[in-house]
Amino acid sequence: MLPKMVSLWPLTLICFLAFSVSISHSKTLKRDVKALNEIKASLGWRVVYAWIGDDPCGDGDLLPWEVYAVSIVGPFPIAVTNLLDLTRLDLHNNKLTGPIPPQIGRLRRLRMLNLRWNKLQDVLPPEIGELKKLTHLSLSFNNFKGEIPKELANLPELRYLYLQENRFTGRIPPELGTLQNLRHLDVGNNHLVGTIRELIRIEGCFPVLRNLYLNNNYLTGGVPAQLANVTNLEILYLSYNKMSGVIPTALADIPKLTYLYLDHNQFSGRIPNAFYKHPFLKELYIEGNGFRPGVDPIGAHKVLELSDTDFLV
């Protein structure tokens with residue numbers, strides 16, 4: 001039997017790690033047993049009492065291997081990259097440090113990679129772009145630095161991309177706009193520069209994108225009228241940048257625009273009346289700009305975040 005999922009979730013009481021999703025009665029491949037034993041050795045005393053027997057998939061009356069741990073500490077376990085049949089790797093909310101190893105590119109069947117809420121750092125390896133079946137990628141709440149690799153645009157199945165709360169610099173690669181299945185892009189709370197015009201310069205970009213989080217960066221320039229061509233947008237989060245200019249009326253043509261956060265920039269002029277007549281717009285947050293007197297917000301500002309259930313494959 002081939003292990004399909006690795007999940008390390010430290011909770012208040014226990015942390016459960018299951019290598020045994022879709023268990024059959026066949027034995028684990030020797031290659032995978034070797035890799036799992038290497039992981040077992042690297043985790044040490046925190047897991048040994050739960051890994052019994054020689055076969056991770058269970059042997060006779062012995063249960064499949066399970067891990068009960070408080071927290072996983074140390075570098076990314078490179079041995080995981082020897083589990084070539086993994087489809088789901090979840091190591092979120094641990095204390096992993098150091099870089100993501102380039103060997104991550106070996107996991108060609110991976111569909112979900114969740115490393116958020118760790119202490120990972122350094123630049124992202126371009127080898128992540130070799131995970132062609134990846135649909136969900138969450139690297140948020142770490143200490144990654146450098147530029148967002150344009151190789152992420154090589155992931156044709158990618159739907160959700162979470163890069164917020166890191167130390168990324170440079171411009172957001174416009175190549176991300178070629179991802180035909182990308183629904184959610186969050187690069188908020190980094191050190192990114194550039195303009196929205198640069199981001200959407202590729203014709204037909206972001207064809208199914210619903211949520212675009214660019215908040216808390218150093219973006220400049222205005223909101224181009226061409227952004228209205230991203231017709232599936234529902235959330236546009238531009239708060240806390242250095243953007244300026246007037247808000248184009250064309251933006252109100254996005255049919256299902258629901259949340260528009262413009263606050264704490266350098267916008268000026270008036271908000272076009274079309275926004276106040278928009279049938280879906282629930283929130284328009286404008287505080288901390290240079291709009292003319294009499295420009296009113298819509299709704300009550302709140303932080304929008306997806307729950308863990310929204311991240312499931």
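The predicted model has an open sheet built from 6 strands, laid out in the order S5-S7-S9-S11-S13-S15 and paired in parallel. Strand S5 (73–75) sits at one edge and strand S15 (191–193) at the other, so to speak the two ends of the row, since each of these strands pairs on one side only. Ignoring direction, neighbouring strands of the sheet are turned against each other by 15° on average.

One of the pairings can be followed down to the residues. Strand S7 (residues 95–98) and strand S9 (residues 119–122) run parallel and are joined by 2 bridges. Thr97 has its bridge partner in S9, namely Lys119.

As for the nonpolar side of things, nonpolar side chains tend to be buried together in soluble globular proteins. Here, the largest nonpolar core takes in 73 residues, and Leu89 and Phe206 are the ones with the most contacts inside it. H1 gives the largest share, 3 residues.

Phe206 is worth a look in the structure above. Setting aside neighbours within four places in sequence, Phe206 is in contact with Leu176, Gly177, Leu182 and Leu185, and also with Leu199, Ile200 and Val230.

Notes
Residues are numbered from 1 along each chain as its sequence is written. This is a predicted model: local features need pLDDT of at least 70, side-chain atom pairs count only at pLDDT 80 or more; totals for chains, interfaces and linings use all residues. Side-chain values use heavy atoms; hydrogens and water are left out. Two strands pair if DSSP finds at least two bridges between them. Helices (H or I, at least four residues) and strands (E, at least two) are DSSP runs, numbered from the N terminus. Axes are lines fitted to C-alpha atoms, for helices over the stretch in contact, and angles run from 0 to 180 degrees between N-to-C directions. A nonpolar core is a set of buried Ala, Val, Leu, Ile, Met, Phe, Trp, Tyr and Cys residues joined through side-chain atoms within 4.5 Å. Buried means under 20% relative accessible area, exposed over 50%, partly exposed in between (1.4 Å probe, protein chains only). Contact means heavy atoms within 4.5 Å.
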